[in-house]
Amino acid sequence: MRMIVLGSAAGGGFPQWNCRCPVCSLAWDGDPRVKPRTQSSIAIETGAGAWTLFNASPDLRSQILATPKIQPTGLRETPIRSVVLTNGDVDHIDGLITLRERSPLKVYATEQISSVLDANPIFGVLAADVVERCTVELGRPFEIDQSRIEFFAVPGKVPLYLETEDLRIGDSSGDTVGVDVRKDGKRLVYIPGCAVVNDDVLARVDGADVLMFDGTVFEDDEMRQAGVGVKTGRRMGHVPLSGSGGSMGAFDGVKIGRKIYIHINNTNPILIAGSPQRRAVEEKGWEVSEDGLEVVVGAGLHIDKRDDRGSTAA
């Protein structure tokens, strides 16, 4: 199983276009300890030469330009065959509009997430005669190419633009899901958004070869400390890395091959190589993803980014 991180940042990317928080300022000033990142998405080779996008970020076009393995292979021929959506957030569905050029495609989502697309007429640009929308039930595995996929509920919330006064944070009805991907006897679990690490989440990731997990904020009140917002991580539906109930230590004792953070907010100091926060997560056995990180699951390889995003075994 081959996986490429197309984008590793949370909504807005890094540095965020309108932000000079302490971490973004380093990027704007060219500090070599930080690397720019696009908005969260991964691609998995679900079949020989066939790739599935897991979320479609607003940065999708630039991500395709930077990733040879998902670039066109012939006249209107593309290795991108499917898209899997984990929630209806703008940073995970906006890129669907980029895929409107009449290439055959399947989009997989839960009923709740599918309803978000159905309710917005702009997604009608994905012509129904070539783009099939597939509504999938939680806990019911399905096939994409030679891979077995399963949605499972994780604590989350509805997208920001659908919030109402009766908002429930930590709801596990299907507005936010994790994805279990199995191929050739290997298993990757992708959870880019999660409000709390509960027993159900721990049970779901047990035994995974690779876990890609929500790394949005290091501290729950990080955005307040940075002076760029008033919401906590948990209020946004994202469990912090540190503190009581933080994800950094929540998986201790659970059998996982590799633990990698993704969907990292621009305020999060783990973006800074060598920072105390980066060292803290690394000491707990976590990796911090970056755009272009490529992992061959089960091959014993850690394949890192080159300038052309080719394969280089470390």
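Setting aside neighbours within four places in sequence, C19 is in contact (heavy atoms within 4.5 Å) with C24, W28, V228 and N266. This is a predicted model, where local features need pLDDT of at least 70, side-chain atom pairs count only at pLDDT 80 or more, and totals for chains, interfaces and linings use all residues. Numbering runs from 1 along each chain as its sequence is written, and side-chain values use heavy atoms, leaving out hydrogens and water.

**Around C19**
- You'll find C19 in the loop between β1 (2–7) and α1 (22–28); helices (H or I, at least four residues) and strands (E, at least two) are DSSP runs, numbered from the N terminus.
- C19 is buried at 7% relative accessible area, where buried means under 20%, exposed over 50% and partly exposed in between (1.4 Å probe, protein chains only).
- C19 and V228 sit 209 residues apart in sequence, yet their C-alphas are 8.1 Å apart in space.

**Salt bridges**
- The whole structure has 20 salt bridges, each a side-chain nitrogen of Lys or Arg within 4 Å of a carboxyl oxygen of Asp or Glu.
- E294 pairs with R2, with the closest N and O atoms 2.6 Å apart.
- E294 is buried at 1% relative accessibility, while R2 is partly exposed at 23%.
- D118 and R133 also form a salt bridge (2.7 Å, N to O).
- Here D118 in helix α4 (residues 111–119) is linked to R133 in strand β6 (residues 131–135), 15 residues apart.
- D118 is exposed at 53%, and R133 is partly exposed at 34%.
- Through shared partners, salt bridges join R2, E45, K69 and E294 into one network.
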